Amino acid sequence: MNDIIQVLACGLLMGLVYALIALGLTLIWGVVEIVNFSHGDFMMVAMYLVFTLYSFLHLDPLFSLPLVAVAMALIGIMVHKLLIRPVLKAPMLAQIFVTFGLMIFLRGLAQFIWGPNYKVIPNVLISGSAMIGPIYLGWPQLMAGLGAVLGTIGVIWFVHRTETGRGLRATAEDRETAGLMGIDPERMFAWTWAIGIGSLGIAGALLANFFYIFPEVGGVFGLIAFVTVALGGFGSVGGAFAAGIIIGLVQVLSGFFINPAIKDIPVYSIYLLIVILRPQGLLGKF
Amino acid sequence: MENIRKALVQSSWGYKLLALFFLSLLLYPFIITNPYWINLMITVLMFVALGQSWNWLGGYAGQISFGQAAFFGLGAYTSTVLLIRFHVNPWIGMGAGAVVAVAVAFVIGYPVFRLKGHYFAIATIALGEIVRIAFDNWKVVGGASGLELPLLRSSLLNFEFVSKVPYYYIALALALVAYGVTFWIEHSRLGYYLRAIKEDADAARSLGINLTRYKFAALMLSAMMAAIMGTFHAQYYLFIDPPSTMGLDLSILISLVAVIGGVGTFWGPLVGAFVLIPISELTRSFLGGSGQAYNLILYGGLIIAVAVLQPGGLWALFQRLGKREVSGPMPPAPKKEESHAAP
Amino acid sequence: MPLLEIKQLVKRFGGLLANDCVDMQVQKGEIVGLIGPNGAGKTTLFSVLTGFYRPEQGIVLFEGHDITGRSPEWLCHRGLARTFQVVKTLKGMTVIENVMIGAFVHTARTREARQRAEELLRFGGLHEKRHMLAGSLTIADKKRLEMLRALATEPKLLLLDEVMAGLTPVEVHEAVALVKRLRDRGISIVLVEHVMEVVMPLSDRVVVMASGRKIAEGKPAEVVRHPAVIEAYLGEKYARRQTT
């Protein structure tokens with residue numbers, strides 16, 4: 001019994017991180033209507049930034065988190081202005097391959113700068129485990145879950161309570177009408193990319209506490225993010241949160257009851273089932 | 001009108017160039033005897049065929065797929081398992097692999113095909129990964145350790161050779177088959193229908209075209225060709241495992257060859273394969289592991305450039321450059337406003 | 001037995017009742033004009049007839065068989081073809097290739113399809129332009145192309161959606177001649193039109209729709225004097241004036 005609680009707790013914590021990652025993706029999808037195939041790989045970049053700050057400045061991930069988040073937000077805006085804006089009106093093929101190319105490019109860049117080997121940040125401030133009731137949970141994982149929740153709450157608050165956030169929702173709902181009412185789509189897109197990639201900065205810093213860092217780390221996270229977004233509903237921020245937790249749980253339960261090696265198969269299968277049977281996901285836009 | 005004008009003007013040196021190119025391909029192993037370079041060309045030709053197979057689905061039918069490697073791997077595994085366990089001849093195994101791939105495409109394709117654009121692309125990634133993970137953990141077919149093909153006497157019947165040269169000619173033949181099928185598609189009803197579907201799906205439906213049926217036809221052909229190349233791969237390398245035959249990297253490379261070359265064009269995959277594969281192989285040989293980084297940066301940059309600047313790919317670029325070099329007077333552009341003439 | 005029979009057709013879009021209990025018949029060999037002010041539901045009716053929308057209620061019978069809810073491609077094979085209000089030529093393909101697409105309904109062989117297309121282009125007067133890209137044609141030629149393309153599918157019933165819109169008087173004259181020749185080939189036609197000078201002389205019968213309902217039907221001369229029709233187009237004042 002304790003085993004299952006242990007497993008569920010781990011899944012929950014991981015799921016919260018998935019939720020944060022998916023948040024940015026669903027936001028970009030909903031507002032800009034671009035599918036960001038390179039989403040996971042931006043998180044990889046964030047992790048490497050954290051690693052670099054640690055290597056050169058001995059800055060613990062906890063402290064570099066805000067720096068990396070802001071840096072990633074700026075990178076997000078840059079990506080939008082340089083690469084996404086030109087293809088907003090282009091055929092879908094061009095849009096797919098721009099972010100797809102970015103994915104490949106980022107992995108190559110990471111491998112070029114930092115090499116292909118797995119890296120890890122030793123001696124992080126937050127380490128060790130806590131005993132909560134009958135189970136052990138690593139402090140880094142707990143902080144990751146907590147940080148993810150805070151980050152998610154932050155984004156949801158922004159989207160629902162601020163003027164800009166309302167602008168984002170309006171643009172996601174109906175870009176033309178929002179434009180006619182004075183909401184500049186360009187500004188909204190820039191904000192979306194800033195938040196979307198910035199949140200990856202947070203997620204990356206949180207994961208860097210305990211996860212291996214390597215060029216392809218963004219791959220699986222990216223694909224899981226797609227599944228999460230599909231399950232939660234494209235464009236739905238609240239949906240991404242709920243879905244992230246569900247996916248996290250499904251993943252660990254599959255690993256526990258069937259086989260850890262195939263734990264991703266049920267997760268990917270969820271994507272297929274959802275888009276075929278219930279395309280709007282749980283709380284989706286359409 | 002444009003196509004005919006171009007063909008007429010270019011036919012004198014265009015066809016000659018093509019003939020020369022084909023002749024050099026035919027004589028290649030006798031000119032360049034170093035096995036390393038023959039291996040390179042074999043890989044190039046494999047990707048010509050694979051790129052074309054992707055092109056049928058992605059370029060002509062408009063369904064972008066990043067799961068082509070799954071069919072490739074299924075073909076490789078089917079023929080290899082039949083060979084190892086039941087001593088089935090690899091050529092027959094090749095046919096069986098094609099059948100398996102088509103069957104899987106049919107069963108999975110049906111629900112997935114309804115998805116549009118991005119959703120379909122992601123679904124193909126998900127499916128490809130599911131297949132790879134499944135095979136990675138399926139002890140019966142070797143799991144992560146893969147399968148080694150038995151060393152048989154070198155012969156055409158056994159589909160195994162000591163020298164690389166026969167493999168080269170088989171690869172060339174398969175690439176020609178891929179091109180033959182492409183030619184047939186372009187000139188058949190299937191090709192016309194696929195173009196109509198891409199242009200305007202509603203208009204196509206009002207003209208009696210069942211969208212799913214014809215896109216499916218493209219999918220079947222695509223799956224078959226990929227599976228056949230999978231068997232070739234198995235017989236050539238005499239070793240298969242899930243990462244090398246079903247990996248996402250392979251699917252991505254196949255799509256890059258077709259898209260960078262020029263998606264939906266006849267010559268695109270050829271151009272793409274001849275440009276990308278040598279770069280990839282050579283950087284790997286001379287720069288080792290770090291060479292991969294250069295490859296990825298280059299491919300990533302190229303595909304972004306293609307997407308943003310020239311969606312027609314390198315082929316369209318060549319065409320534009322070629323037009324400037326054409327000498328002689330151009331025929332006058334066809335007049336547009338002639339509707340007031342009596343019908 | 002009428003070629004086409006529509007019984008109590010209802011099509012709703014959320015709160016909007018686009019087609020409200022519409023009844024209509026088309027006999028073989030007829031040209032039926034479908035007129036009415038903007039928003040009357042004419043194009044919606046076409047889209048329901050040709051399988052792009054499913055009606056909420058009602059049936060459509062074609063040659064006596066129930067075809068309600070069938071797909072556009074199925075209907076095309078049964079002999080029901082249409083043109084579109086906003087022209088849908090296959091822009092990236094040539095004129096002859098466009099018509100070939102239609103011809104492929106009855107043959108799988110490219111050579112045959114091309115021959116059929118050539119014949120039709122000659123019949124319809126677009127033969128000299130056959131290798132031009134469809135996207136580069138004038139609007140009149142595009143509409144003509146759409147008609148010929150639909151003709152290539154060998155329809156029994158052809159639904160023409162505003163084929164005269166945007167045409168100069170000379171072009172209208174040519175288009176009317178083409179429609180007449182289509183009828184002479186044995187094709188029944190329903191045409192939606194706003195250009196009155198065209199619909200009235202061309203149609204054997206006219207059906208008038210307004211606000212989703214059929215408000216009048218009959219010979220062109222009768223329909224023009226019908227008070228409901230005048231009211232729909234010009235308002236109550238004029239309708240009353242007519243009857244006093």
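Is B:Leu238 buried, exposed or partly exposed, and how many other C-beta atoms lie within 10 Å? I looked this up first. B:Leu238 comes out partly exposed, with 15 other C-beta atoms within 10 Å. My cut-offs, with C-beta atoms placed from the backbone: buried is 20 or more other C-beta atoms within 10 Å, exposed is 12 or fewer, and partly exposed is in between.

Ground rules for these notes. This is a predicted model, so I keep local features to pLDDT of at least 70 and side-chain atom pairs to pLDDT 80 or more, while totals for chains, interfaces and linings use all residues. Residues are numbered from 1 along each chain as its sequence is written, with chains lettered from A and ligands numbered from 1 in the order in which they are written.

Backbone check. Most residues other than glycine have a negative phi. B:Leu238 has a positive one, near 60°, and sits in the loop between α9 (211–237) and β2 (239–240) of chain B. I take helices (H or I, at least four residues) and strands (E, at least two) as DSSP runs, numbered from the N terminus.

A:Glu33 also has a positive phi, near 60°. I found A:Glu33 in the loop between α1 (2–31) and α2 (39–57) of chain A. A:Glu33 is partly exposed, with 16 other C-beta atoms within 10 Å.

Interface. I get 34 residues from chain B and 35 residues from chain A in the contact (C-beta atoms, placed from the backbone, within 7 Å). On the chain B side, α4 (90–112), α5 (117–136) and α12 (268–308) each give two or more residues. The largest share is from α12(B), with 14 residues. That side splits into 25 nonpolar, eight polar and one charged. For the classes, I count Ala, Val, Leu, Ile, Met, Phe, Trp, Tyr, Cys and Pro as nonpolar, Asp, Glu, Lys and Arg as charged, and the others, Gly among them, as polar.

Terms used: Two residues are in contact if their C-beta atoms, placed from the backbone, lie within 7 Å.
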